[in-house]
Amino acid sequence: MKKQRVLTGITTTGTPHLGNYVGAIRPAIEASHDTNNLAFYFLADFHALIKCHEPDLVHQSTREIAATWLALGLNTDNVVFYRQSDVPEIPELCWLLTCMAAKGLMNRAHAYKAAVAANEEAGEDPDFGVTMGLFSYPVLMAADILMFNANKVPVGKDQIQHVEMARDIAARFNHHYGEHFALPEAQVDDHVAVLQGLDGRKMSKSYNNTIPLFLDEKPLKKHINKVKTNLLEPGEPKDADDSTVFQLWQAFATPEQTAYMREQFAAGIAWGEAKKQLFELINGQLSEARERYRELMANPSHVEAVLQAGAEKARSYSTPFLRDLRSAVGIRPIK
Ligand code: TRP
């Protein structure tokens with residue numbers, strides 16, 4: 001049987017935090033060991049340029065995200081792990097798809113619509129601050145996906161629409177030029193937790209409430225101590241289901257450890273004690289990877305070499321495929 005192709009991208013803005021780890025990185029790394037799939041994971045650095053115009057931040061984030069995934073044990077023998085900008089066939093395919101993508105479809109994209117709505121709210125011109133990058137972003141994402149004929153695309157809920165647009169664009173291309181693309185499907189895992197941040201809202205860089213993944217022990221402890229609790233005293237029973245401390249615990253604990261902590265909450269564990277145990281749990285799970293992360297950050301040429309090897313593998317798929325696609329649209333040698 002032909003292997004299922006699984007593909008996902010990580011936009012290189014920001015430093016990975018516990019929410020990214022639990023929601024996306026950990027499941028993807030587990031899946032990287034499944035030899036029934038052919039997986040493509042890539043650093044979406046062209047996508048980063050849509051949101052971030054600070055060269056140093058884009059570069060630093062690329063370095064940190066690559067080191068993070070490698071430190072956590074990504075199986076690069078079984079997964080094609082590459083940087084989007086190392087595969088020139090992707091932006092080229094992006095243009096072929098741009099010429100097949102309906103503008104009306106792009107008008108409906110959430111990210112663009114949200115920007116327009118915010119402008120209207122503020123009494124600005126609707127397109128104030130909207131770049132063509134933001135507007136055409138779903139086409140670039142379609143190129144990422146279709147370049148490797150991905151079947152399954154693991155994403156968060158906010159990205160489902162983009163995968164559906166990729167599907168629409170693929171169908172239109174196929175209809176016009178013949179069956180070239182598999183039709184991708186979004187894969188949203190409802191079991192993975194959406195982690196709460198320090199203030200109890202969803203952990204997100206935009207709320208500034210994150211716990212970075214590879215903090216050293218001391219700052220990790222400090223961050224965990226900042227997690228919002230209530231004023232209940234030691235000895236007073238606490239509601240586990242209403243607690244960010246418990247939710248974080250659950251994201252790292254075995255079912256037995258979760259049951260144990262639930263009992264502790266009912267028995268009135270002090271917040272300080274619960275946080276101390278939470279720190280030990282998380283620190284225990286991350287300390288080895290953190291060590292490897294430090295080594296990788298100190299050895300950028302190794303990380304670069306891994307990415308170059310990944311790009312070579314990626315291009316062994318994209319180069320011949322793009323040749324066929326060019327030919328299909330009528331771009332081929334004159335003879
Ligand atoms: N846009 C995605 C995000 O912000 C990242 C991404 C870029 C992606 N290209 C992709 C995800 C292709 C899946 C497939 O999360």
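**Figure 1. Close-up of Thr-8 and the backbone of Pro-154.** In this predicted model, a polar atom of the Thr-8 side chain lies 2.8 Å from the backbone oxygen of Pro-154; a polar contact is a pair of N or O atoms within 3.5 Å, where within protein one atom must be able to donate a hydrogen and the other to accept it, and residues adjacent in sequence count only if both atoms are side-chain atoms. Thr-8 belongs to strand E1, and helices (H or I, at least four residues) and strands (E, at least two) are DSSP runs numbered from the N terminus. With a relative accessible area of 11%, Thr-8 is buried, a word that stands for under 20% relative accessible area, whereas exposed means over 50% and partly exposed lies in between (1.4 Å probe, protein chains only). Leaving aside residues up to four places away in sequence, Thr-8 touches Phe-40, Tyr-41, Phe-42, Pro-154 and Val-155, where contact means heavy atoms within 4.5 Å.

Figure 2. Met-141 has its place in helix H7 and is buried, with a relative accessible area of 10%. Although Met-141 and Thr-8 are 133 residues apart in sequence, they are 9.9 Å apart in space, C-alpha to C-alpha. Not counting residues up to four places away in sequence, Met-141 touches His-47, Gln-159, His-162 and Val-163.

Figure 3. UniProt, in an unreviewed entry, lists Asp-144 under "binding site"; UniProt positions are given in the numbering used here, feature names are shortened, and annotations may be inferred rather than shown by experiment. Asp-144 counts as buried, because its relative accessibility is 2%. Beyond residues up to four places away in sequence, Asp-144 touches Leu-7, Phe-42, His-47, Gln-84 and Ile-90.

Figure 4. An N or O atom in the Thr-11 side chain is 3.4 Å from an oxygen atom of the ligand, while a nitrogen atom of the ligand lies 3.4 Å from a polar side-chain atom of His-47. In the side chain of Gln-159, an N or O atom is 3.2 Å from a nitrogen atom of the ligand.

**Notes on the model.** Residues are numbered from 1 along each chain as its sequence is written, and side-chain values use heavy atoms, with hydrogens and water left out. Because the model is predicted, local features need pLDDT of at least 70 and side-chain atom pairs count only at pLDDT 80 or more, while totals for chains, interfaces and linings use all residues.
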